[in-house]
Amino acid sequence: MIDQAQMQPSQFNQQALTDAASPWISRFGGLLPAGGRVLDLACGTGRHALWLAAHGLDVLAVDRNPAPLAELAAAGFATRQIDLEAGPSAALEELFQPGQFAGVVVTNYLHRPLFPLILRSIAEQGVLLYETFAIGNEQFGKPSNPDFLLKPAELLALLAADEDGSWHVLAFEDGYVEQPKPAMVQRICAVKGAGNSASALRIG
């Protein structure tokens, strides 16, 4: 786990982290199990890796762009550079080993072939936080390609189709948002195999 004292204040100001994080992640990030590793997939600049680490979680930041990963690595984060869309590879197989993450966070990214791998990589009682653009977003700008836009209730359908695990959906939204810019989004918070423990999870 990263030592928060290693964070450079100019780069990783606590208030800046809170402001930069998606409200969906900041709302439900507290459900991510302490002590396990959390994957920030397609992490981009690392805003959620930073938020997660600032809240005491052990984070692995993964992206294909080396520049932001280098900055995160310099701050003490575990990082991995992987082309997530190059097809099956040893790197993807290693990344998505079954049950190795206490949670996976994905925002503003969609590559459908990864979804079964993401689900299998989450341990029992682990949490999936997923938020990205949805059909209808083309009226507001990019992304406008249907390959990068979720279909109505698609996240729910993908969880329901998971043959290797059962999921308890704690929250789901599919519609229009005004902030940080007008967009159509779909987002979900779900716990793998929650069973009777679901009633003990606080969502607000």
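This is a predicted model: local features need pLDDT of at least 70, side-chain atom pairs count only at pLDDT 80 or more; totals for chains, interfaces and linings use all residues.
Residues are numbered from 1 along each chain as its sequence is written. Local features need pLDDT of at least 70 and side-chain atom pairs count only at pLDDT 80 or more, while totals for chains, interfaces and linings use all residues; side-chain values use heavy atoms, without hydrogens and water.

Stop 1: Select residues 58-63, strand E2, and residues 78-81, strand E3. Helices (H or I, at least four residues) and strands (E, at least two) are DSSP runs, numbered from the N terminus. E2 and E3 run parallel and are joined by 4 bridges. Within this arrangement, valine 62 stands opposite arginine 80 in E3.

**Stop 2: the largest pocket.** Select Ser22, Pro23, Glu131, Gln179 and Pro180, which lie nearest the centre of the largest pocket among its 17 lining residues. Helix H2 (23-28), strand E5 (122-133) and strand E7 (183-192) each supply at least two residues of this lining.

A pocket is an open set of points on a 1 Å grid over the protein atoms alone, where a 1.4 Å probe fits, with protein on both sides within 12 Å along at least five of seven lines; lining residues have an atom within 4 Å of a point.

**Stop 3: the second largest pocket.** Select helix H6, residues 115-121, which gives the most to this lining, with 4 residues. Other selections may include Arg112, Leu158 and Asp164, which are among the lining residues.

How values were computed. Two strands pair if DSSP finds at least two bridges between them.
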